[in-house]
Amino acid sequence: MQKKWWHKKTAYQIYPKSFCDSNGDGIGDLPGIISKLDYLKDLGIDIIWLSPIYCSPLADQGYDISDYYNIDPRFGTMDDMDRLIAEAKKRDMYILMDLVVNHCSDEHEWFKKACEDPDGEYGKYFYIEDCPDGKLPCNWRSYFGGSVWEPLPGHPDKYYLHMFHKKQPDLNWENPKLRDEIYKMINWWLDKGLAGFRIDAIINIKKALPWQDYPADRADGMCSPVEMLKHAVGVGEFLGEMRDRTFLPHGAFTAGEVFNEKPEELPDFIGDNGYFSTMFDFNETIFGGSEKGWYDQTLITPNDYRSCCFASQKKIGNIGMLSNIIENHDEPRGVSRYIPEGECTSTAKKLLATMNIMLRGLPFIYQGQEIGMENVEFQSIDEVDDISTLDEYQVALDAGLTPDAALKAVNRVSRDNARTPFQWDASANAGFTAGTPWLKVNRNYTKINLESQKDDPDSVYQYYRRLLALRKDPAYAETVVYGDLLPVFEDQDRVMAYYRKSADQTLLVIGNYKTQPQTLTLPSKIKHIVLNNLPQLKTEGNEIMLEGYQAVILEVFS
């Protein structure tokens, strides 16, 4: 694997709408982000990924883009964006935007023109089919529920394809003119000084054509879009072309949101000449999923979490570098998901951070993760904004769950858990806004907030700072960034442990993933305690006695 400039960095995802509101309108904005750059630098962040801030009707919170070349006024202006890029550069920080090119908004100029003339040039930018008598081309289900086919406005016998929300028509990547437009837009942003992109839902750009039905997996007679992806062949031709015409000439950093990739394709995706610099590890996030819906999802246990992480590490090997996450804008809060109910203490949160961030790969911190923000307790479905959660709530009701049971089922994995405003302090609205926040602040903000943790050496926040500093510490950086990862103690219940080994150093990362103490016999003697989430470590000879949820990073003799 060739060494790259970004390997020793740490990335941070900002969900702009919920990060920091500078003007009191209840929505986070670019000036708010600029005001927090020094905070992020002090935390140890180098790369910042912004969820979409383009013009959008916000049917899917900005992932439905109506103008790729402009900033939505809710978030600020293009001058603000230029200032953000410039201010980040002064601090040796890099800005990424979200690249959403599987689909656009039905309010985009291209789609409006396609509706005016479906058989004209812009009609070919989308998948539009004649459907006499409403006979649909295939039985695929949208990711947000219902058919992927929707009547084209003004043309009752024509339907357009949307893999996501009906206000997100899919772009036809089979059309070279459409691809040219996309590449032109990407280069325009990179020429402005953007460092690169996080690339949204990109595996979906290649459809299995011609249209065909697959076996239904629910009572609605439709099949998951994931089934279609199994049959789609040739996405690499599009991705390689996009890399060569945009990312490569600019030396851009790219992180792909890639699901359902085929194992043999991994070198093509993130090898030395991969389509992307890196891709996210979603092995833990998809664990326990059910075709029936969220309500039927299996809870992940500490042993499952360990297995998922190690399976991803083994799969990637030395092909490239993964991006490791605990949570993001599409997932619930990691501490509420990966720590069993009733065990979510500050010590447990530090253990989870240790286990994830010391994995081989690029850590992506999601806003609020560094202070241990937790899931929300929705009192009513009326408090929910997320379209995916609303759909899954209905799926649960249709399956016979009571409203209370359905709410509890979707609450666990709702995307709104990660979208509540950042908890800066204990003042009104957690210091996020002087106005009324667009989404309610989590009720626990008076207990969990940055201000209360900033100067507390024992806080989750300060632990994250120390953990992230290891990636830049000359004494450990080579091992933490490039060292091999070798699992150990895999047969020990609720222990997650692994070596990170370089040519002249061995680190042992160990976490006791349960509330009761556990004793382990180490294969080699301890040279030095690098980091400990508790004040002390009990040792006797080669034995260590770990307290409940104790996590340690040890330098040991090879």
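Me: Over how many bridges do E6 and E8 pair, and in which sense?

Reply: Strands of a sheet pair through backbone hydrogen bonds, either parallel or antiparallel. Here E6 and E8 pair over three bridges, in the antiparallel sense. Two strands count as paired if DSSP finds at least two bridges between them; strands (E, at least two residues) and helices (H or I, at least four) are DSSP runs numbered from the N terminus. Within this pairing, Ile128 stands opposite Tyr160 in E8. This is a predicted model, in which local features need pLDDT of at least 70 and side-chain atom pairs count only at pLDDT 80 or more, while totals for chains, interfaces and linings use all residues. Residues are numbered from 1 along each chain as its sequence is written, and side-chain values use heavy atoms, with hydrogens and water left out.

Me: What is the strand order of the open sheet that contains E6?

Reply: The order is E6-E8-E7, with antiparallel pairing. E6 and E7 are the edge strands, each pairing on one side only. Neighbouring strands are turned by 40° against each other on average, direction ignored; axes are lines fitted to C-alpha atoms, for helices over the stretch in contact, and angles run from 0 to 180 degrees between N-to-C directions.

Me: Which residues of helix H4 are buried?

Reply: Buried means under 20% relative accessible area, exposed over 50%, and partly exposed in between, with a 1.4 Å probe and protein chains only. In H4 (residues 109-116) the buried residues are Trp110, Phe111, Ala114 and Cys115. They lie on the same side of H4 because they cover an arc of only 135° around the axis, the arc being that of the directions from the helix axis to the C-beta atoms.

Me: What do the buried residues of H4 pack against?

Reply: They pack against strands E4 (67-71), E6 (128-130), E7 (149-152) and E8 (155-161), and against helix H5 (176-191). Contact means heavy atoms within 4.5 Å. H4 lies across E6, E7 and E8, and runs at about 65° to E7.

Me: Why does Glu327 count as buried?

Reply: Glu327 counts as buried because its relative accessibility is 2%. Glu327 is found in the loop between strand E12 (323-325) and helix H10 (334-338).

Me: Which side chain does the side chain of Glu327 make a polar contact with?

Reply: A polar contact is a pair of N or O atoms within 3.5 Å; within protein, one must be able to donate a hydrogen and the other to accept it, and residues adjacent in sequence count only if both atoms are side-chain atoms. The partner is the side chain of Arg333, at 2.5 Å. The Glu327 side chain also reaches the backbone nitrogen of Gly334 at 2.6 Å.
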